[in-house]
Amino acid sequence: MTPPPLSYAAPLRAVDRVEVTPDPVGLRLVAHKRIVATDPYLQGHFPGRPVFPGVFVVEAVRQAVLTALASCDGFDDGALPDLCGLRSVRFLAALRPGDELTVEATVSRLLDEVEVVARCRRSDGVEVARITAAFGYDRSGPSGA
Amino acid sequence: MLLVDRVTAVEVGAWITAIKAVTASEPCYREMAEGLPLKRYAYPISLQLESLGQAAALLWLGSGVGQRVGDGEVLLFAAARDCRFTGRAYPGDVLRHEVRLQKVTGGGAVAEGETWVEDRRIAVVGSLVAAIRPASVLSDLRTGPATAGQEK
């Protein structure tokens, strides 16, 4: 089944499904992504040894958060919040085709931004990344828009 | 996944300026719905950061004797801190990364930098760490000894 078109630019579909639950500080989300050899960009990264790029783990967190916020908030059309900061990112282990990435994150409002603290694991339980990120509304849109 | 078009200036071992054009034909725009507002065409931050990281890698790899990725090794994005993405790039813009080496070690490098579109600074990267790893590590459960055991 063809997935529905995206409402934002994205290097790949970095999440397969997202579960969102309320949390004392805001939201908790759990997102899953199966790494497949046919994902865009994988063939060159690296030739003969495909490794899911670390920045695509960041992308998975981004897409999980956008999905979670869209399901819980009302947005103006066009006023999609997006990544505005990475306070800390550490990539701890590699993800390869056949692995499943699980992102567990807390999402909370902090002043006019949304703070996300994410722990990312592989299907064998190994931690692959820790990411603390901020999301906000871009106030500097394209000139003329 | 080459996300640098051209190095426009470099001081070997110190800093680099590298550019990448954002075009409407890129894969990141291919699966979007019709009729979306232009703001939705903002170039994904994940790709923009990878592009800056590749500029840092070029700076480091061009720095001198011993800075090379040997057979059986890969250069990986290991960490970053204090990144702020205050603006966005759109199709037709050219990303200009200005990256400086902070530190070089036997197994990697730390860099800092900014991304500009013309005279608009759209990103600041406080620090970015790239590390050389044996490719065999990619088959193992964990990365090499340099990062194992670093608890936060």
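Two salt bridges are counted between chain A and chain B; a salt bridge here is a side-chain nitrogen of Lys or Arg within 4 Å of a carboxyl oxygen of Asp or Glu. In one salt bridge, the side chain of A:E113 meets that of B:R84, at 2.8 Å from N to O.

A word on the source. This is a predicted model, where local features need pLDDT of at least 70, side-chain atom pairs count only at pLDDT 80 or more, and totals for chains, interfaces and linings use all residues. Residues are numbered from 1 along each chain as its sequence is written, chains are lettered from A and ligands numbered from 1 in the order in which they are written, and side-chain values use heavy atoms, with hydrogens and water left out.

Now the strands. Strand 3 of chain A and strand 3 of chain B (residues 73-85) run antiparallel and are joined by five bridges. Strands are DSSP runs of E, at least two residues, and helices are runs of H or I, at least four, numbered from the N terminus; two strands pair if DSSP finds at least two bridges between them. Opposite A:G85 stands B:R84.

Next, the whole contact, meaning heavy atoms within 4.5 Å. Chain A brings 48 residues to the contact and chain B brings 47 residues. The buried area is about 4100 Å², with 55% from carbon and sulfur atoms. That is the accessible area (1.4 Å probe) that two parts lose on being put together, summed over both. Of the area that chain A buries against chain B, A:Y41, A:V55 and A:R90 supply 14%, more than any other three residues.
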